[in-house]
Amino acid sequence: MKRFTNKLARIICIAVLASLLGTGILGAQEMPELVEKDGRWALMVDGAPFLMLGGQSGNSSTWPAMMPGVWATIEGMGANTLEIPIYWEQVEPEPGRFDFSSIQMLLDGARQHDKRLVILWFATWKNGSNHYMPEWMKKDPKKYPNVTARDGRAIDSPSPHCEAAMKADARAFAEVMKYLRDADPQHTVVMVQVQNEPGSWNSVRDFSSEAERLFRRPVPEALLNEKTLGELGVAVDSRGTWAEVFGERADEYFHAWSVASYIEYVAAAGKAVNPLPMMVNAALRDPLTNPPATHYESGGPTDNVIPVWKVAAPSIDLLSPDIYLSGHAAVLKVLELYARPDNALMVPEASASNSLYLYEVIKNGIGFAPFGVDRAGYMPEDFDTQLCRDYKLLAPLARELARWSFEGKIHSAVEPEDHSDTTIDLGGWEARLTFGPPRRGTPPEGAARPVTGKAMIVKLGDDEFLVTGTDVRFTFAPKGKNEGRPWQYLKVKEGRYENGEFRMTRVLNGDETDWGGPHIGNRPSLLHITLTPR
Ligand code: DGJ
């Protein structure tokens, strides 16, 4: 009898477990979400801050034949997150008939490789064009028109004033989000990008008859508040039509409003069934010269129209810069412009050379990903690039870094373009940084070397720091009440992170600290440093 009851209890248990698993209740994790505190942001995943050390695939990689290479790359890089597109043309090959096999393939692969996903919804806009719209839409340009340029010609960019396309996109996106809700209770997918670099090249806005009608109407009430008008650089009591309120910037602000409003409609439809964090990426404009919109993709979330997007698209949690421009002044300005109290900083695409700014992103942001990492020839076979070395060192402490970033404890610097020394203010201490590979003898006069140096310092306590970098030497000096006093290292430990704890591999002393402070070369290491004034 006892054996029978035990067996019965086991069967009941298994049945309950199976039904819980089936409904997704068991295994369901907390919903990823963006949390703001004192103007800083964390992406919460499984209830704790998460740092995306990511890589974005090429555009045409979401196919069974390509995925083994994609996963091998993500593994080889030491990344924890894959950003990868899904294609509207493939998801809805006929109106109302949906095929989610590509999504399931991504979920299966990510779980097998223990990685997270950011899914990119290539739909109405991909780099300003409609190339990922399903064929049945492409064949019907009357119903799904492109933008009309000022001279009356249609350009290669979908009109944001096409209600039929907007509704079709929203319906498909909602189906995608519903599928994810049911197939991904454990939130392998931590964020969804809605469209890709939306906006229009070659026309500042749509000049179709519908667009003209709207352009002549008063600016929507929602934009007419002190904060938004102030940020857009016009008098806070301005009222009237777009041209009256915004003058020479009216065309591009109108287009940004139109594109953002369309995407809001799509995102809101998805969010209603599955409220994952949602993002829109920007093809940037030069952040330093305020160029006219004819010089960049108009309508997307470029830095000057972030305030328009924030009002028009509240379902979009963050606007993110794709950083292909170069030079410290421009890149650092972009990072500053997108890290806002109302916008979490994330870099969803970057050129390989912009990996130099990894620490600058970690300091104030939630994630970084170079673009096209699986493309032929991008990665060396041994994955021995600077970024891969950085990722491998940092991945075991990604959770800690995300928390420290959220708490404002991270400081960083990138080697100045003239290779000069830099200081970082750490409160009671100043870090003094000298850049370059370890010096053996005097370099030949005038020898040019590339900028490779960078440093990151986490302030763990008043006199306690976790430090890493590339081609950088660290030394310190007391500040504040101890300024000018002699000081010394109490201990410099080299080590790595394991299960949330620093594990020492050796103590650096003697030659490793006495000749101007510890130096880290192009194989980044992690140093735990304690200092004391004397
Ligand atoms: C930016 C786009 O967002 C990507 O999808 C890709 O097309 C790259 N440009 C190409 O460099």
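Lys271 lies in helix α10, where helices (H or I, at least four residues) are DSSP runs numbered from the N terminus. The model is predicted: local features need pLDDT of at least 70, side-chain atom pairs count only at pLDDT 80 or more, and totals for chains, interfaces and linings use all residues. Residues are numbered from 1 along each chain as its sequence is written, and side-chain values use heavy atoms, with hydrogens and water left out.

**Lys271**
- Leaving aside neighbours within four places in sequence, Lys271 is in contact (heavy atoms within 4.5 Å) with Leu276, Met278, Ser315 and Asp317.

**Packing of α6 and α10**
- The axes (lines fitted to C-alpha atoms over the stretch in contact) of α6 (residues 163-183) and α10 (residues 250-273) come within 8 Å and cross at roughly 30 degrees.
- The two helices are therefore roughly parallel, a term for angles under 35 degrees between N-to-C directions.
- Residues of α6, including Phe173 and Met177, meet residues of α10, among them Tyr262 and Val266.
- The residues of this contact divide into twelve nonpolar, one polar and four charged; Ala, Val, Leu, Ile, Met, Phe, Trp, Tyr, Cys and Pro count as nonpolar, Asp, Glu, Lys and Arg as charged, and the others as polar.

- Trp121 touches Phe173 and Val266, among others, not counting residues up to four places away in sequence.

Definitions and conventions. Axes fitted to C-alpha atoms, helices over the stretch in contact; angles between N-to-C directions. Parallel < 35°, antiparallel > 145°, perpendicular 65-115°, else oblique.
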